[in-house]
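Work through the exercises below with the sequence and the 3D view side by side. Try each task before reading its solution.

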Amino acid sequence: MSLPLNKLIIPASLAIMLISGCNSNEAEQGVKEIEEETKNAAEATEEKSKEVVDKVKEEAPGIIQNMKDTYKESEEEVKDNTLQAGDMAIVQKDAYLALTPEAYDELYQLIEINDVDGVDTIVQDHKVEEVKQGSEVEILEREIRRTKVKMKDSGQEGYLPTTMLEPIQ
């Protein structure tokens, strides 16, 4: 709960003047001066507030447009650097192309536990194929961790880690 400034200052000033021995005319004059100063301070504060509001109203549309432009540029940049269906990409390192989502999951479980024999078994079972660094692929479907691709040279479809693919610009 806030009280107006002049409702606090005037009684306090009156009390000080009366205690200090001022007569009622001097006290009235003092009160009028304090009221005038309070009124001037309030007007100055209101004027400054209005200037700030006007400045914000003037600058806000430009700032908002800058933010919109930045968001749009960021979205376009992310889209440009994110593989989309139909994009072409390069395989960054030698890898295994998993021929099914299940083979992909099995392969990376085996890799996580360093089961070389298990990896050899799924290669021999033709669940995965070796892919060389620099191979070109077409993006068919993209997920966070894996991307379904079509090998440009063989037409074979399968799954590779998304992080192993670099868009062809």
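**Exercise 1.** Find the salt bridge between Glu-157 and Lys-148, and state how exposed Glu-157 is.

*Solution.* Step 1: apply the criterion, a side-chain nitrogen of Lys or Arg within 4 Å of a carboxyl oxygen of Asp or Glu. Step 2: the side chains of Glu-157 and Lys-148 meet it, with an N to O distance of 3.8 Å. Step 3: Glu-157 has a relative accessible area of 33% and is partly exposed. The classes are buried (under 20% relative accessible area), exposed (over 50%) and partly exposed (in between), with a 1.4 Å probe and protein chains only.

A note on the source: this is a predicted model, in which local features need pLDDT of at least 70 and side-chain atom pairs count only at pLDDT 80 or more, while totals for chains, interfaces and linings use all residues. Residues are numbered from 1 along each chain as its sequence is written, and side-chain values use heavy atoms, with hydrogens and water left out.

**Exercise 2.** How many salt bridges does the structure hold, and which parts does the one between Asp-105 and Arg-146 tie together?

*Solution.* Step 1: the structure holds seven salt bridges. Step 2: one of them joins Asp-105 to Arg-146, where the closest N and O atoms are 3.1 Å apart. Step 3: Asp-105 belongs to helix α3 and Arg-146 to strand β5, so this pair ties together parts that are 41 residues apart in sequence. Step 4: compare the two partners: Asp-105 is partly exposed at 39% relative accessibility, whereas Arg-146 is buried at 15%. Step 5: a network of salt bridges links Asp-105, Glu-143 and Arg-146. Step 6: the side chain of Arg-146 also reaches the backbone oxygen of Pro-101, at 3.4 Å.

**Exercise 3.** Where do Lys-127 and Glu-106 lie, and how far apart in sequence are the parts they tie together?

*Solution.* Step 1: the side chains of Lys-127 and Glu-106 form a salt bridge of 3.2 Å, N to O. Step 2: Lys-127 lies in the loop between α4 and β3 and Glu-106 in helix α3, so the pair ties together parts that are 21 residues apart in sequence. Step 3: both residues are partly exposed, Lys-127 at 32% relative accessibility and Glu-106 at 28%.

**Exercise 4.** Is Thr-147 buried or exposed, and which side chain does its own side chain contact?

*Solution.* Step 1: Thr-147 is found in strand β5, residues 146–151. Step 2: its relative accessibility is 0%, so Thr-147 counts as buried. Step 3: the side chain of Thr-147 makes a polar contact of 2.7 Å with the side chain of Thr-162. A polar contact is a pair of N or O atoms within 3.5 Å; within protein, one must be able to donate a hydrogen and the other to accept it, and residues adjacent in sequence count only if both atoms are side-chain atoms.

**Exercise 5.** Locate Asn-114 and His-126, and give the phi value of each.

*Solution.* Step 1: recall that most residues other than glycine have a negative phi. Step 2: Asn-114 has a positive phi, near 55°. Asn-114 sits in the loop between α3 (101–112) and α4 (116–124) and is exposed, with a relative accessible area of 65%. Step 3: His-126 also has a positive phi, near 60°. The place of His-126 is the loop between α4 and β3 (128–131), and His-126 is exposed at 62%.

**Exercise 6.** How far apart are Gln-169 and Met-88 in sequence and in space?

*Solution.* Step 1: Gln-169 is found in the segment after β7 (165–167). Step 2: Gln-169 is exposed, with a relative accessible area of 76%. Step 3: Gln-169 and Met-88 are 81 residues apart in sequence, and their C-alpha atoms are 8.5 Å apart in space.

Methods. Helices (H or I, at least four residues) and strands (E, at least two) are DSSP runs, numbered from the N terminus.
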